[in-house]
Amino acid sequence: MRRFFLLFCLYIATMCSTLFAQPKYEVRATWLTTLGGLDWPTAKATNAMGIAKQKNELCDILDRLQKAHINTVLLQVRTRGAVIYPSKYEPFDAVFSGKIGLSPQYDPLAFAIEECHKRGLELHAWLVCMPVGTQAQIRSLGRQSIVEKRGELCKQHQGAWYMDPGLPETARYLRSLVGEIVQQYDVDGIHLDYIRYPENASAFKDAATYQRYGNGKSKDAWRRDNITHIVKEIHTEVKNKKPWVKVSSAPIGKFADTPRYSSKGWNAFYTVYQDVKQWLAMGIQDAIFPMMYFSGNQFYPFALDWVEHSAGRFVVPGLGIYFLSPQERNWHLDEIRKQIYFSRGIGAMGQAYFRNKFLLNDTKGLLSELQENAYAYPAYVPPMKWEKTSAISSPTSLVATLQGALLNLSWTPSISSQGQVWKYRVYASDTYPVDVEKAENIVGSTNRAETTFRYSLTPTHRQKVFWAITAVDRFGNESTPLQMELPTAVQNYAVNALPKQIPTGGYILFSDATGKVVLRTQQLDTPALHHLKGFLRYTLYDEAGKQLQTGILCKQ
């Protein structure tokens, strides 16, 4: 009981602190479900109009996610023995074209990757691994079903079909399926769902497989080793092809009982044979997204347990936001709010939301809560520090020009880092130098290694006098910033006109490029103002000291 009191105190302290400081690095993910079109698509692509509707629908989803400062999309690409891209292994899911095996006349995965990257979002290909369909689904797949084509790999279990994890060929098949995606697509991650034995595994009919491959191990240990072997094989396949692609999974939300609390018999290790802590220790996972769809003390101690055994990899608790729905468990929004701040406070590397429709529908005001509070500023996916990479150099020769309220930035890539740069990040601040570690200074990033950036200076951002650029590699490592001092970078542009008059009793402050106040005056025609040169920021105050207007201008 004492431990829970201390845990609760920790939560209160961290919640209070994180309300005022948001992390620069944080995974903010959403599961975008294609099974049955639950999240996307809602229309069939049977003609050009249907294709356009599917594409527009996804773009709208991604626009809204970007606005909410979500940075990772877990897109379901394998549903139940069917996929959403052209594959030599499995047929097209019917959800896009209306017919199993029929192409929608475009590649949904390629399109989703392109649109995510335009918006600075990572796309992780989410594969449902062991389940390959209910009886009805298998019938609908017909001869294209894996049960028909590779029946020796499958077992029927409680009205559905599953791949048998104990067969060596199962690992090879899944490795090939993943390898095809990584080879052909510019995904940022491979995300493994249902990489486990099914519920009620004691009834799973793998006795013959165990007899053949058990090698004297207990059946429980053998099953855990089977799943670990598959995860390792997939990890090896991915890293051999593209070492920057993250490999993650969505294990059961509770690893096992903890000294703090019981898992009540439903956990990853004993029930479905996921030895996730071993996967982390072996380095065959870059991230885990445990499905922590629980409330109260069924969440907090188990979230802490995951973080304590992260082995330096990303632990991103999956939050069951669908339980906010009145049609589900009708949770209060405060339940999810607490889980967000608690996970931050204990060192988790972010949050993931199941599933996307409940997020974008603003269920119980969740989306509004994120935009206004928890995710008020953007965040970047943390770098993969465990991967061996060479240091990335800063860009050079930063130039800024203004066209009305449009700021154009351009720079030269570092010669020593050519080929390393994945994209560039842009930061801005009203103090010099720009602190690129503060989330509130994030402006955005380029699409791939483009060396230009255009930004509309809204009234809020007119105070951002100073700008900085960093180079980023595919692993998320960032160069030191190239700082831009606008007095030399921007010339002969009046960004803001001075106010026409100063109210009675009021005054105006002028500061230079470093933020130092160089003049305080109550008169706009003072000779001291005429003698000021360079790039200046001004702030107008009334008699009571209330800020009325800010602006920047360049005086030659």
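## Helix pairs: α13 with α15

A crossing of two helices is called right-handed if the near helix is turned clockwise from the far one by less than a right angle, and left-handed if anticlockwise. By that convention, the crossing of α13 and α15 is right-handed. The structure is a predicted model, in which local features need pLDDT of at least 70 and side-chain atom pairs count only at pLDDT 80 or more, while totals for chains, interfaces and linings use all residues. Residues are numbered from 1 along each chain as its sequence is written, and side-chain values use heavy atoms, with hydrogens and water left out.

Helix α13 spans residues 333-345 and helix α15 spans residues 366-374, and the two pack at an angle of about 40° with their axes 11 Å apart. Here helices (H or I, at least four residues) and strands (E, at least two) are DSSP runs numbered from the N terminus, and axes are lines fitted to C-alpha atoms, for helices over the stretch in contact, with angles running from 0 to 180 degrees between N-to-C directions. α13 and α15 are therefore oblique to each other, given that angles under 35 degrees count as roughly parallel, over 145 as roughly antiparallel, 65 to 115 as roughly perpendicular and the rest as oblique. In contact terms (heavy atoms within 4.5 Å), L333, I336, R337, I340, Y341 and R344 of α13 meet L366, E369, L370, N373 and A374 of α15. These contact residues divide into seven nonpolar, one polar and three charged, where Ala, Val, Leu, Ile, Met, Phe, Trp, Tyr, Cys and Pro count as nonpolar, Asp, Glu, Lys and Arg as charged, and the others, Gly among them, as polar.

Helix α7 (residues 168-184) packs against helix α9 (residues 219-241) at an angle of about 30°, their axes lying 9 Å apart, which makes α7 roughly parallel to α9. The crossing of α7 and α9 is right-handed, and the contact between α7 and α9 divides into seven nonpolar, six polar and four charged residues.

The axes of α2 and α4 come within 10 Å and cross at roughly 35°, and α2 passes α4 in a right-handed crossing. K55, L58, C59 and L62 in α2 meet F111, A112, E115 and C116 in α4, a contact with six nonpolar, no polar and two charged residues.

## Pockets

On a 1 Å grid over the protein atoms alone, a pocket is an open set of points with protein on both sides within 12 Å along at least five of seven lines, a cavity is a set where a 1.4 Å probe fits but cannot get out, and lining residues have an atom within 4 Å of a point. Grid points are joined across faces, edges and corners, and a volume is the space filled by probe spheres set on the points.

The largest pocket holds about 630 Å³ of space and is lined by 33 residues, with R119, G120, L121, Y380 and S445 nearest its centre. The largest share of this lining, four residues, comes from β17, and by class the lining has 13 nonpolar, ten polar and ten charged residues. The second largest pocket holds about 480 Å³; of its 23 lining residues, D193, R196, M291, Y293 and F354 are the closest to its centre.

## Cavities

The structure holds two cavities of 30 Å³ or more, and about 50 Å³ of space lies in the second largest cavity. Its lining consists of V27, T72, E122, H124, K246, A287, F289, F314 and V381, with five nonpolar, two polar and two charged residues.
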